[in-house]
Amino acid sequence: MSDAEEAIRLWFPVSRCEEIVPRNVVQTELLGQEAALWRDDLGFVNAWENRCPHRGVRLSIGLNTGSELRCQYHGWWYASITGQCTYIPAHPGQKPPNVIKTKRYGCAEQYGFIWINLGDQPDAAAVPVLQLDSYTTMRSVFTQAPVDLVAQSLIEAHNFEPATSAGNYILETTGPGEKSVLLLQPMNAEQTVIHGLIPSLVRDADRLSVLRQFNGRVSEMRDAIERAAA
Amino acid sequence: MPEGSGVESALWDDWHVVAEIAELTRLGRIATQLLGFSLVVELDNRSVIPSVDLESGGVAPAKVKYGYVWVCLGTPNRDIVDFPECADRDRWIVNAGSFGVAVSGLRAVENFLDMSHLAFVHAGYLGEEPHTEVPKYKVATLPDGGIVATDCKFYQPLASPVATEGFDVDYVYRIVRPYTIMLHKANPIDPSRSDMIALFVQPVSEERCVVHMLLAYLKDELTEAAVRQFAQMIFNQDKPILENQLPKRLPLNPRAEVPIRADAASAAYRRWLHEGDIRYGAIPHDLGV
């Protein structure tokens, strides 16, 4: 099995939970697939292929009504959780056929991140387990480099090592002291997002300075990785 | 002339709009692209017919009609589409704008044919909730090739710049070439006559186009500027939708994007493109769903 085939069965963080706010839709990309993320009013987060099954318009420009996502083009409604089309305004008296539904991806909230899985049979129990009593998510950093290069560079040049047995997508700092954890989101063959967390709770009063420090360190690594990738 | 372009003769050997003559007169020279080929259109003071030089070498035949410069990259196998309305003296013949859109021109044609988006994308003008229903209409093939949709009715709150109240507007759509569509729409003041809108879509590449809009509106109380402004406002509502369609090319396999009864015209258009083996700007049937 190739890396790409294997990656499609894995869970990846694609956004911090706090960014997926009610009545909003967010666009993301994983392994070259665009996804639309949206939270319904009961808190459930949907991750759908980012195109309406009808005419292909991005669902991320649609309207989150709290219980359905409404497509901007023809006003079709898709129900939270099932992705079932529930209303087609062009034929208001007819029940939409059952076959009209969005393509759903596996989706979970864990460690302050939204995780998605593009595989056909996503298993929520397979979301990576990190030994964390508490955590604080950091700012995510966009990187113009393929995920393998990002991981390799973090391990070889920046004192990181794999944090789980499941490959190089989740890394932690080596050595003693408080660890930093980096979680990699392969957007596509050329772009990677570096998400981060630290395994402790940060007091509100310290939050901004901790975020800035962490962001500064990751940005320096990002710059070095991008220079190496260019 | 470029050889072995790989573009099907139905497009390669036909005429396409590449510039507005008023714009060319103002600028003297316009560089653009057609079917993936770069070309330069120049107006020579001694001639009303511009010259067209291909970046790849050679020249292409050009004509001026309806206020546009038309170019054929191959050997012309038919005339430019005929619009008899343009000879009517009581109409404004308006080049309403040329809009670059980052999507296949076939998607732009299909969008123009689509009634069920009017209440959403053009809410308050060409439709509005709760008047969203698309009643059954008729679709047939044209004798010379193409698709015609008749008996189309749709409630419009402000169907044109002279409309003052909402009413059910009668539409007739004709797709006369893969990248050319026209619409006849009942005039709000004299419903026995119709205003005409034609889109000449310039396939810049498979995933980019320029939509050239020609209007033949009854003069009524209208100024040319008002007609133009209205058309531009409407098209600016379509552009962001078109640029958010994935994939950018039009899939011809009916399983790729699910149609409903209201899409009868669009389904017929896709089928007609498939049967005519039009591939430029499309995702052919056999390339999966």
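Biologist: Leaving aside its neighbours within four places in sequence, which residues is A:P89 in contact with?
Modeller: Happy to start there, with the reminder that this is a predicted model. A:P89 sits in the loop between β8 and β9 (106-110) of chain A. Setting aside neighbours within four places in sequence, its contacts are A:H74, A:G75, B:A119 and B:T132.

Biologist: How far apart in space are A:P89 and A:A36, C-alpha to C-alpha?
Modeller: Along the sequence, A:P89 and A:A36 are 53 residues apart. In space, C-alpha to C-alpha, the separation is 22 Å.

Biologist: How many residues does the contact take from chain A and from chain B?
Modeller: Let me begin with the make-up of the side of chain A that touches chain B: 9 nonpolar, 7 polar and 3 charged residues. As for the totals, the contact takes 19 residues from chain A and 18 residues from chain B.

Biologist: In what order do the 4 strands of the open sheet in chain A come?
Modeller: The pairing in this open sheet is antiparallel. β5 (63-64) and β8 (85-87) of chain A stand at the edges with a single partner strand each, so one side of each has no neighbour in the sheet. The order is β5-β6-β7-β8.

Biologist: Which residue of β8(A) is the bridge partner of A:W77?
Modeller: Strand β7 of chain A covers residues 77-79, and β7 and β8(A) pair in the antiparallel sense over 2 bridges. For A:W77, the bridge partner in β8(A) is A:Y87.

Biologist: Why is strand β15 of chain A described as largely enclosed by the rest of the structure?
Modeller: Look at both faces of this strand, which covers residues 181-186. A:V181, A:L183 and A:Q185 point one way, while A:L182, A:L184 and A:P186 point the other way, and all are buried. The strand is largely enclosed because the buried count is 6 of the 6 residues.

Biologist: What is the bridge partner of A:L182 in β16(A)?
Modeller: β15(A) and strand β16 (residues 192-198) of chain A run antiparallel and are joined by 6 bridges. A hairpin through 5 residues joins β15(A) to β16(A). Within this pairing, the partner of A:L182 is A:G196.

Biologist: And which residue of β15(A) is the bridge partner of A:L171?
Modeller: Here we turn to strand β14 (residues 170-173) of chain A, joined to β15(A) by 3 bridges in an antiparallel arrangement. The partner of A:L171 in β15(A) is A:L182.

Biologist: At what angle do helix α2 and helix α3 of chain A pack?
Modeller: Helix α2 spans residues 147-157 and helix α3 spans residues 204-229, with their axes 10 Å apart. α2(A) passes α3(A) in a right-handed crossing. The packing angle is about 120°.

Biologist: By class, what residues does the contact of α2(A) with α3(A) have?
Modeller: From α2(A) come A:L149, A:V150, A:S153, A:L154 and A:A157. From α3(A) come A:M221, A:A224, A:I225, A:A228 and A:A229. By class, that gives 9 nonpolar, 1 polar and no charged residues.

Biologist: What share of the residues of chain A count as buried?
Modeller: Chain A has 3 helices and 16 strands. Its radius of gyration is 19 Å, close to the 17 Å that the globule rule gives for 230 residues, so chain A is as compact as a globular protein of that length. Of those 230 residues, the buried share is 38%.

Biologist: What share of the residues of chain B count as buried?
Modeller: Chain B has 6 helices and 16 strands. The radius of gyration of chain B is 19 Å, close to the 19 Å from the globule rule for 289 residues, so chain B is as compact as a globular protein of that length. Its C-alpha atoms fill a box of roughly 55 × 50 × 35 Å along the principal axes. Of its 289 residues, the buried share is 45%.

Technical notes
Residues numbered from 1 in each chain as written. Chains lettered and ligands numbered in written order. Predicted model: local features only at pLDDT ≥ 70, side-chain atom pairs only at ≥ 80, totals over all residues. Axes fitted to C-alpha atoms, helices over the stretch in contact; angles between N-to-C directions. Left-handed = near helix turned anticlockwise from the far one by under 90°. Contact = placed C-beta atoms within 7 Å. Nonpolar A, V, L, I, M, F, W, Y, C, P; charged D, E, K, R; others polar. Pairing = 2+ DSSP bridges. Rg over C-alpha atoms; globule rule 2.2 N^0.38 Å. Buried ≥ 20, exposed ≤ 12 C-beta atoms within 10 Å, placed from the backbone.
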